[in-house]
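User: I am new to this structure and would like to learn how to read its features one by one. Could we begin with the surface and then turn to the places where chains meet?
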There are 6 protein chains.
Amino acid sequence: MARPDDRAPDQLRPVRIQRGWLDHAEGSVLIEFGGTRVLCAASVQDSVPRWRRDSGLGWVTAEYAMLPRATNTRNERESVKGRPGGRTQEISRLIGRSIRACVDYKALGENTVQLDCDVLQADGGTRTAAITGAYIALADAVAWMRGRGMTKGEPLITSVAAVSVGVIDGEARLDLCYEEDVVAQTDMNVVCTGDGRFVEVQGTAEGRPFDRAELDALLDLAAGGCAELTVLQQEALGR
Amino acid sequence: MARPDDRAPDQLRPVRIQRGWLDHAEGSVLIEFGGTRVLCAASVQDSVPRWRRDSGLGWVTAEYAMLPRATNTRNERESVKGRPGGRTQEISRLIGRSIRACVDYKALGENTVQLDCDVLQADGGTRTAAITGAYIALADAVAWMRGRGMTKGEPLITSVAAVSVGVIDGEARLDLCYEEDVVAQTDMNVVCTGDGRFVEVQGTAEGRPFDRAELDALLDLAAGGCAELTVLQQEALGR
Amino acid sequence: MARPDDRAPDQLRPVRIQRGWLDHAEGSVLIEFGGTRVLCAASVQDSVPRWRRDSGLGWVTAEYAMLPRATNTRNERESVKGRPGGRTQEISRLIGRSIRACVDYKALGENTVQLDCDVLQADGGTRTAAITGAYIALADAVAWMRGRGMTKGEPLITSVAAVSVGVIDGEARLDLCYEEDVVAQTDMNVVCTGDGRFVEVQGTAEGRPFDRAELDALLDLAAGGCAELTVLQQEALGR
Amino acid sequence: MARPDDRAPDQLRPVRIQRGWLDHAEGSVLIEFGGTRVLCAASVQDSVPRWRRDSGLGWVTAEYAMLPRATNTRNERESVKGRPGGRTQEISRLIGRSIRACVDYKALGENTVQLDCDVLQADGGTRTAAITGAYIALADAVAWMRGRGMTKGEPLITSVAAVSVGVIDGEARLDLCYEEDVVAQTDMNVVCTGDGRFVEVQGTAEGRPFDRAELDALLDLAAGGCAELTVLQQEALGR
Amino acid sequence: MARPDDRAPDQLRPVRIQRGWLDHAEGSVLIEFGGTRVLCAASVQDSVPRWRRDSGLGWVTAEYAMLPRATNTRNERESVKGRPGGRTQEISRLIGRSIRACVDYKALGENTVQLDCDVLQADGGTRTAAITGAYIALADAVAWMRGRGMTKGEPLITSVAAVSVGVIDGEARLDLCYEEDVVAQTDMNVVCTGDGRFVEVQGTAEGRPFDRAELDALLDLAAGGCAELTVLQQEALGR
Amino acid sequence: MARPDDRAPDQLRPVRIQRGWLDHAEGSVLIEFGGTRVLCAASVQDSVPRWRRDSGLGWVTAEYAMLPRATNTRNERESVKGRPGGRTQEISRLIGRSIRACVDYKALGENTVQLDCDVLQADGGTRTAAITGAYIALADAVAWMRGRGMTKGEPLITSVAAVSVGVIDGEARLDLCYEEDVVAQTDMNVVCTGDGRFVEVQGTAEGRPFDRAELDALLDLAAGGCAELTVLQQEALGR
């Protein structure tokens, strides 16, 4: 069965990266994975959370959210509901952990970079687009800090990119769109560093449990996708 | 004293209107008043709130919000604070009231249009850009409804546009940017219909109380600005 | 068509002002505009909010609320709902802004006056009665501070009073009662200083948009009403 | 040691009862126990909570709250804090339980009476004044219902009144004012029916545990106080 | 009519006390009154709340809660509801007040003991089992503090125990189980010190008001029950 | 380097399973993985959530929570904070997804099983102990339902067990205790079915990114641990 957009199983959707989309943020990028559109903003603060003070170390944290009409049908705002939902918090925590894997806190100095990933439009893979874009926003914010002498050495040890993979009709596929996401038997999000190691592996049997062979196939596919995204990140950053 | 962007006192900032910015929403527009950028989405629902049921009448409502890094410095998310702030609610109510002035509820049928105005970047006048853009998103949603036979006659009696005016160094100015907004002695937001009548007039003495002459000058300026925006709305809608 | 209480269109309802209604508050007044009854209390604190510290400047703020059975039918308590509603916050902000227009922060010293306006009974015009009463409570609190040497010169530059006006059956009327308020085509709240200048002008088309002539008539009526209320405030304060 | 207001140990403070203080409520009373001033409003609804439907039985419930400046120093509003405090809820529950002791739910029909007790000024004994006043508001609301044929027989089996007692310097005293309340070693609130039986007895050792003899003395004193309040309630109700 | 478990009217349910049920807490006990099972944990902190600082005095506080399936039918979690319910807060306050009656704050030093009473299974009398168990957890925590030289003399002036009593079919009964609790006409919780004085007496007419004779009978019964529990506490503590 | 409790790298901690720990719940188990102690309760309801009605399908959901003193130092209650934390919600969602992998909704009929996993004491691996215990509670609840004719065929397709694995000093270890958990470079939670397939794989680089070889070693170790736990579950269930 062909994919909805006729991609090969191991093919990413078109990726579009617009750096500097915001005038005020120290780093910002509008990243698109096909129809998924995430605005990532990096905000620099010359202080750290209370529990981190006088440690000489910096901090990086992230928040994820979705505009109410990012999806097919409107969702109520979480500010109106009175709290961020479980899914929102889970993804915020995932983005934070993933991005922190590329940071040298000592080189960052006692500064905080807050990453805001707001999904303007959702078509599957919002969390992986958010991570991939957040790294670029962070890189720009770090460059901004370097220009102001706020860093001590290189705060970015490596880069980080993420992609989703899944099994549909027994076929392992890369970078699922929404239509594929809802029918996948197994769904996995993988975060890799620029040198191809794993930061996060989150696999879930949506339909039926998966065996080791399927798991291995998905990991291979994801590693390849992350490597491609790493190249696109480097190009966007003009390296 | 010249304006920060060298505009004449009665000159609007460049207005940019991109219709259909979202794939899923029944109506959507990305509207820019200079550096202010608001994404307006209209969501149609074929039902009305409980208090409105079996009345044969429709409903239109609005919510306004700002992304955390829309501004110079980052603001905490209202979902994290646990409630929309007073300013947010006040502006949401203003947009709803303003937009409802152009709606014939009977012609709308027992349907609801929810308008979401999310400020992606803020540089003064976010609420007036939101109102001006929300009207266009609503017009597109109404066209969508008409195509599905959901309306009974013409639900839009008129159009609605809004602009801010203020007094700076004794001079009445149209469409304040952020830099002007913070130093204005008097700040006024005016919402007008397409035929030049008033829907809302909200004037506030920020610095010192204002007299009737100043009030009159501001009202003249605002009426002119709204008339210009009405033309831009009609052009964007291809009329 | 006659008014429900047979008043002339430009006639205020009977105003009753009882100073010192509370034993503990530094200033307090029970103010009545006809059936509308608002208890205004001024609380003095010899400190200022964090963002104001070491500025040498004082602060004045306000909160508005309504008892659950102030109205015809009972409203749920906002403490039980878990947050102040949008209308409550909007009016609290309006009262605060209005009252601050008469304050010299330097003369107030680094002290805060908190104004609490609690509506015991509502019959239209609660926000304007609250502003008119809050000024008196503030004046008494300032006198109390002066007696303790907490002020530096005169903290009250002017006085502030407020009134509602509206158009009903094409007629501009002063100080609407609830019965009139619900049928008004246009509804406006105006806040003036003792010398007749404007602090706030908030006009809303409830039924149909209004033109400049109607707006002018309403502004004239409101200015007259505020002037009368200013006289009553001065009398109540024994000046 | 004399009492702050020179009362005898078994003497109530002056009690003032103003019925019909509100125009809209089906029953209302402003009750004063010395400086304590509580506005009690009874709201009738011709329905019952979901869990009570189709039972043929009515319901009575109560909410207690305090205005922010009822006390010597200002308290933050519970709506702003986001929830009613523990003390508030505890007293609301006490008032509800106490008042329900005098109600025949069958005779009330499937109607609800909601009692709102708002403390305008606090000088000790606010909960006992609230219960004593709430009974009168309820009696007026029941009369209102009777006039509309909403009741089936007599919904009020008895009356209910409440008073505080306490031990100060070894002396048992009736109806403590705030100054006494804060120094009492033992503090007790007692709710009695009109025929002298107990509905609630809540005794707390504030300073040191109390023995049976002290407990007995306090119960005697409270029973006498409640009997006096019952007479005042009947007089106020014109019986 | 016999009791559900054939006890005599003045007989406690089997009491089981397991000290040291938790590995980390400074004091902990799993206490059972028949089918009621409460886990009490005492946590020591070498600081006091802000309002208590630099007073040389310690503090003791308590929180009560129930697991969702402690009861016959599942209750929603209070964390999910967004706030502790009124009953929960009322009981937390009762436990705190009761336990504080046996504490010498000076001897405790500027330390806080937080008591957590979590009901794992409920079969009536959860608050009295919680108080009785919390005293033991506190005693163990105080011993732990003494071993670290944190105390100045003996922080425990006395012991505290609690029991419920009630009138069922005209008979006064000790230590009601759930089945009895729901049918009791009068329900009373009594907290006593080890030397037999009263700390709290909370009697409520559930069905019909009670007279002085009934009250006296219940107090006698409760005092006896607390005396028995005091013996069991001392045995458990190996005294 | 030896493990804190001298276990072999591939050795589970002592597992203790007490079925029927609660009298009221349709299924309940107190499960211990070493010092970790989780009370799992299954509550049966003969209805399904609104979105599931009239589908002929059942539902299974889970909530996870921790008592405040389950850990070394006390944590504030989430009911007091006003919302379940991100970690709590994330684990609740994980347990729900994991357990649902063994359920045939059709055979369950239109009934809901709610699983409550409350951590009484935490020493690492609380979420995996919760999943392993929740399956047993569910099995007992399903047996209870079968006895009442509520099921249609066999609702449990398979069993589910979970274990944590991690890399410490380069060594892959099974079932980490808290002391190991905090120093692990990589931390992974794996959920398997009784027949050895994967339901969830969640690996996180805590210290440094991990390569494919490490990932493979951890997956092998986890699969073995889950197989052992499956045997223990079957024994506990008397199969």
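Analyst: We can start with the surface, where A:Tyr178, A:Val182 and A:Val183 make a nonpolar patch of about 280 Å². Patches are built from residues with over 30% relative accessible area and no salt bridge, like charges being joined within 9 Å and nonpolar side chains (Val, Leu, Ile, Met, Phe, Trp, Tyr) within 5 Å; accessible areas come from the Shrake-Rupley method with a 1.4 Å probe, and for residues only the protein chains shown count as cover. This is a predicted model, in which local features need pLDDT of at least 70 and side-chain atom pairs pLDDT 80 or more, while totals for chains, interfaces and linings use all residues. Residues are numbered from 1 along each chain as its sequence is written, chains are lettered from A and ligands numbered from 1 in the order written, and side-chain values use heavy atoms, leaving out hydrogens and water.

User: Why does A:Tyr178 count as partly exposed?

Analyst: Buried means under 20% relative accessible area and exposed over 50%, with partly exposed in between (1.4 Å probe, protein chains only). A:Tyr178 falls in the middle class because its relative accessibility is 42%.

User: How is the size of an interface read, and what area is buried between chain C and chain D?

Analyst: The size of an interface is often given as the accessible area lost when the parts come together. Here buried area is the accessible area (1.4 Å probe) that two parts lose on being put together, summed over both. Between chain C and chain D this comes to about 2900 Å², of which carbon and sulfur atoms give 49%. C:His24, C:Arg69 and C:Arg77 supply 24% of the area that chain C buries against chain D, more than any other three residues.

User: How many salt bridges are counted between chain C and chain D?

Analyst: A salt bridge is a side-chain nitrogen of Lys or Arg within 4 Å of a carboxyl oxygen of Asp or Glu. The count between chain C and chain D is 12, and one of the salt bridges joins C:Arg69 to D:Glu26 at 2.7 Å, N to O.

User: Which chains do not touch?

Analyst: Contact means heavy atoms within 4.5 Å. No contact joins chain A and chain D, whose closest C-alpha atoms lie 11 Å apart, and chain B and chain E do not touch either, with their nearest C-alpha atoms 11 Å apart. By contrast, 29 residues of chain D are in contact with 29 residues of chain E, where six salt bridges are counted, including that of D:Arg212 with E:Asp220 (2.8 Å, N to O).
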